[in-house]
Amino acid sequence: MIPQDVIRFANENPACFMATMDNDQPRVRGMLLFSCDEKGFVFSTGKPKNMYKQLEANPKTEICFYSSKQNKMMRVAGKVEFLDDIELKSKILEARPYLKPVIKTPDNPMFAVFRISHGHACFWTIETNMLAPKFIEF
């Protein structure tokens with residue numbers, strides 16, 4: 001189960017960066033978290049994208065959330081699991097109308113939703129910069 005401080009930080013700072021592996025080359029891109037709760041961190045993407053193919057080949061990822069107000073960072077590492085949940089896809093399309101011209105309907109086979117439900121998180125601040133990270137397992 002994901003702790004409340006981790007959930008809160010992710011939801012308050014949904015713009016983040018996600019790393020994947022492309023063979024032996026790391027790739028990082030900006031992402032927008034859809035939601036985070038006790039079950040995990042939920043994102044969406046398109047199946048034709050390289051990111052989807054990279055996560056399919058290697059589901060391990062790391063995400064970095066940052067709060068400029070707090071000058072605080074949270075890193076999350078884990079494995080993605082792809083979800084075939086029409087209700088969740090409908091909620092994402094409703095919340096993000098800019099996806100509708102491309103995705104059109106929640107049952108579009110190009111529409112991928114994934115969650116990170118197991119892994120660990122750690123917080124970073126300038127005050128803790130030189131200390132070993134304290135991993136929060138979930």
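First, a caution. The model is predicted.

Let's start with the overall build. The protein has four helices and eight strands. Along the sequence they come in the pattern α-β-β-β-β-α-β-β-α-α-β-β. On its principal axes, the C-alpha trace spans about 45 × 35 × 25 Å.

Of the 138 residues, 39% are buried. The exposed surface comes to about 8200 Å². Carbon and sulfur atoms supply 55% of that surface. And the contacts? Take those between residues at least 6 apart in sequence. Among them, 61% join residues at least 24 apart.

Rolling a probe the size of a water molecule over the atoms shows where empty space is left. The largest pocket has a volume of about 330 Å³. Its lining holds 17 residues, and the closest to the pocket centre are Ser44, Thr45, Gly46, Lys49 and Leu99. Which elements build this lining? Strand S2 (25–32), strand S4 (40–46) and helix H4 (100–103) each supply at least two residues. S2 gives the most, with four residues. By class, the lining of the largest pocket has ten nonpolar, four polar and three charged residues.

Thr45 belongs to strand S4. Is Thr45 buried or exposed? Its relative accessible area is 9%, so Thr45 counts as buried. What does Thr45 touch, once residues up to four places away in sequence are set aside? Its partners are Met51, Tyr52, Met110, Phe111, Ala112 and Phe114.

Next, the second largest pocket. About 210 Å³ of space lies in it. Its lining includes Met73 and Arg75, then Cys122, Phe123 and Trp124. Thr128, Asn129, Leu131 and Ala132 are also among the lining residues, as are Pro133, Lys134 and Ile136. Strand S6 (72–83) and strand S7 (111–125) each supply at least two residues of this lining. The largest share is from S7, with three residues. By class, the lining of the second largest pocket has eight nonpolar, two polar and two charged residues.

Last topic: two backbone angles. Most residues other than glycine have a negative phi. Two residues here are worth a look on that score.

Take Asn71. Phi of Asn71 is near 50 degrees, a positive value in a residue other than glycine. Asn71 sits in the loop between strand S5 (60–67) and S6. Its relative accessibility is 34%, so Asn71 counts as partly exposed.

Then Lys104. Phi of Lys104 is near 65 degrees, again a positive value in a residue other than glycine. Lys104 lies in the loop between H4 and S7. With 58% relative accessibility, Lys104 counts as exposed.

Find S2 first: it gives the most to the lining of the largest pocket. Then find S7, the source of the largest share of the lining of the second largest pocket. Finish with the loops that hold Asn71 and Lys104. Thank you.

Conventions. Residues numbered from 1 in each chain as written. Predicted model: local features only at pLDDT ≥ 70, side-chain atom pairs only at ≥ 80, totals over all residues. Heavy atoms only, no water. 1 Å grid on protein atoms, 1.4 Å probe; cavity = no way out; pocket = protein on both sides within 12 Å on 5 of 7 lines; lining within 4 Å. Points joined across faces, edges and corners; volume = space filled by probe spheres on them. Nonpolar A, V, L, I, M, F, W, Y, C, P; charged D, E, K, R; others polar. Buried < 20%, exposed > 50% of the residue type's maximum accessible area, 1.4 Å probe, protein only. Contact = heavy atoms within 4.5 Å. Areas by Shrake-Rupley, 256 points an atom, 1.4 Å probe, with all protein chains shown as cover.
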